[in-house]
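Please open the structure in your viewer and keep the selection panel at hand.

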Amino acid sequence: MKEFPSSPNPPLSPPKIGIFVGAGASHSWLWFVDLLDQWGLNDVRFINEKEILIGALEGVDSLMMSGGDTFAMARSLGAEGSRRLKHFIEEGGLYIGTCAGAYLPLRSSMAFLNQFNWINVKISNISRRLSESERGLFQEHACTPYGCEFVYHVAREDVLLEMEGGHQANGSKKVIAPLYGGPSMLPSEDMQAIATYRGFTEKTKFLVREDLAEKTLHGNIAASRKRMGKGYLYIFGPHFEHPNYPEANGILARIILREGKNRATRSFRPEPPSSKTGQSFFEEWRRELSHSRMVAFGLEMLPIRWMIGNKWYEPEKIRVFLEALWRRLNYLESGEGVDVTPEDQKGMINRLKETTGLLRTMKKEHDRAQSTNGLAEDLFLLLKKVASDFLTIYFRAKRTETVRAQA
Amino acid sequence: MEYLTSNKVAIVDLGTSKIVHEKLDEALVREKIGGAGVTCELYEKYKEEDPIILGTGLFTGTLVPASALSMITAKNPSTGKVCHAPLTLYAGMEMKYSGFDYIVIKGKAPKPMYLWVHDGIADIHDAKEIWGKNVWDATDSIRDSMGDALIQVLGIGKAGESGSDFGQVCINYWASGDRWGFGKLFGRKKLKSVALRGMSLLEIADPEGFVQACKELLLAVKNGPFAGKQGIAELSAEMGEDIRKWLEPIIHRHLSCFNTPFPTNTFVFLDEDPKHLKESEKNEPGFLITDVYGLLGFNKMGLSAQDSSALLRECARAGIDAVAVAELNQKAGMTQLEEIKRSFGDVKGPLEHLSKEPFSPWAPPAPMFADFALSPDGSQTADWWKRRQAMAYIFGIHPIFALMSPELTEEKLLELATMGTGLEFTPETLEQVVGDILK
Amino acid sequence: MGIQIDLKKCVSCMACEMACGYHRDEGFALLSSCIMVTRGREKKDYSAVVLKEEENLVIARPEGVEVRKLGSTGKSDQDKGREDASAKPLLLREPCDLCSDRKDGPLCLQFCPVNAISLG
Ligand code: SF4
Ligand code: SF4
């Protein structure tokens, strides 16, 4: 894994961006981290549902809601979360949702989801739109139950999109982005389309017959925008934030830059760190991260996976979190230091040690042919916390560097 | 240093438990290239403190064919000469990725310790749990506690702990090419083991050029006269001692050291049917033979292949050099398995063929399979061998494979060095380094 | 067409793994390779070469080759349940692309010193 390549020209007053890392968020929030890092959008914090409930949205201009489990997101946010989110947008906040984060604000009659009925639109990938014979075509793997219907998925990986509303990539309206279960929407008065499904590429993987895939997607809406009060919702079926799609990344980044400053919050102007965070903190961090990484690497060779919530987790996913940190560690180690209180430092190191401990126990239990499901559940929760704590420091250091360079 | 390196040297003081990290000085690499060139220099620098230097070769752990070698450079506790012991299997490679190119271990620990080196961190750990354990159990214990079975452990057993002249630094469970009694040195320092693990990335100055050249080199070597031959018994046959039939019935498989085209190691099954392909139900069904001389030593005593291998296994557990065990027992007239097993604590006395060279005689003293155009009267062989070993220990090439591959010429190695590091290396520099090492 | 591994010939040298690592990272490292030599059973001398393909995990063992659907564990009791069409890629070890952007083709194959890898 190479070092993470950062932006050469970070903006001086970037919007304050919150990334949702709470219940239901899968690892794809880390894609947002990469994107923001690459674009020098360094005023970033990480927010979970509990923090939303106590007002965390007050401190940000925009919120990134990534892929994962929409139901879990809706359930954990509840009515109060919904109210806070709505207020945030109406007061000028920017909501960016991809995949699960895109389903969340769509009209729905399902429990919990019905608290987020902000965009009146129908999706085209729902079973009520299929004939009886077509329903039968769906393998079990291509659908998610949705009340007495099911949401189905026709293709994965690359889809070809046509941008609308002036959005372009390198002067072209055609752009490719990957689809992993995100919605396809029917045109609606309630929103403005910004991207339409136009076709496939040789990298598209069809989950059903190509003609049915085409019927489901072609001409329907892949991404859209809706004004709500003083703010906007932008929702994306495909993952415009996926790190391997720089053109789609660019479109998303420009939207964040343009629309993400309506709340007139002040950019974070970090004071120079009062005392340089001791080298020993980062050394300790490296030591423990290395310990975790090597056990995680070993687990990748074992025939295990875990069902957490309603999603399968593979051992490789552990290292997805750890590598995102590892690739940024040299930067912090060689930098000017950041302000982290001794208590926070201690807490962070302890949680990382706990991560290593959990991983080692999982390895032992697996060797003894014992179940590791419960341990895995704890582990992934912990990993989110460990990763977002570390990345908070990382972005703070980046921001400090930008401000200092431009002063 | 930017390329083919972790750019880090650790200076470990066992006496004070202080560890200092230094950058690998590019000027040092320009002057000494790598491997033994640099370890000798570091040895000189710290020689007052009786140092053990662990070092990687310039190409160790890369796609250069046979780039398996790292080394221990230290003073032979018996002769007082500075010499190099080879670290092969996966240990040489692992060291390269551990985050340090060189590790200087000086001083003496007040109580048993082990050094844990991983991803650019070097830590001294208390070894009270493993001191006194045999090599196998100590390795298992470290791996279990860290939760990682890929950790490479350079460790000593009873022999090294108790100051036997033939205490060997073993690799995980197996014998190494340490013929110098470096195990005794470890023991004297109360250093039970050095555990290595690393997951770093080595950058290359000219990646495509370098890899292309590696590919061409492999293509040139892999169809050499050794092609189709495998394992420890073929080595011995080539040395004029044909034990192929003797060993054959217990052979399970032949294994290569990292990226080495000829598998110089043979796994024999002792408590399991050698033809058994599935994972054995037994935890310790056999032994990996890594040293042809140890095997030949027991063979010459008239032992069966099964008994010889079982003895090799016992030697490795105790961390004692099997070559010495075989030679000295034979001299003492002991040829019975059980007698020999009990003798480990008592083997003493000078060995007949104590090498005067700085490189381990673990690598046979002549070309293997290949023709290096040496004069048939053998007058050039000794000097050729020394020079060939020097190349291997500078660049990190498997020292036995270096004897099989005339295609790995000095010019080629220099060319690769420049492509890999972006630094200009001339034949004059190489000449100088070889001269220094052989001094 | 895919990479085939003959474990009877394999000497566990890891050249293929390093070559694939290079193919992914343009440097030497083992973290991104999609061909991996399992080394965890050292005392038993039991080792396999595992290849991650688009859909499958191909496990070449001394006793034979097993092809397992990606993400499944090979134990049916653990594999119950739906496959997840919305699973996002992990982007650590990309599946084997047969080195399609290299004019000489698969790098692992070219670096296997004992010709245990073929394209079939
Ligand atoms: S063909 Fe290429 S991508 Fe596939 S395993 Fe070999 S080196 Fe890796
Ligand atoms: S390169 Fe060939 S011999 Fe070496 S591990 Fe891979 S398949 Fe086995």
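The stops below begin with a single chain and then turn to an interface.

This is a predicted model, in which local features need pLDDT of at least 70, side-chain atom pairs count only at pLDDT 80 or more, and totals for chains, interfaces and linings use all residues. Residues are numbered from 1 along each chain as its sequence is written, chains are lettered from A and ligands numbered from 1 in the order in which they are written, and side-chain values use heavy atoms, with hydrogens and water left out.

Along the sequence, their pattern is β-α-β-β-β-β-α-β.

Next, colour chain C by burial. Of its 120 residues, 62% count as buried, that is, under 20% relative accessible area with a 1.4 Å probe, protein chains only.

Chain C contributes 32 residues and chain A 39 residues.

Which residues form a salt bridge with the closest N and O atoms 3.9 Å apart? Select C:Glu55 and A:Lys205, which form this pair. The interface of chain C and chain A holds 4 salt bridges, each a side-chain nitrogen of Lys or Arg within 4 Å of a carboxyl oxygen of Asp or Glu.

Methods:
Helices (H or I, at least four residues) and strands (E, at least two) are DSSP runs, numbered from the N terminus. Buried means under 20% relative accessible area, exposed over 50%, partly exposed in between (1.4 Å probe, protein chains only). Contact means heavy atoms within 4.5 Å.
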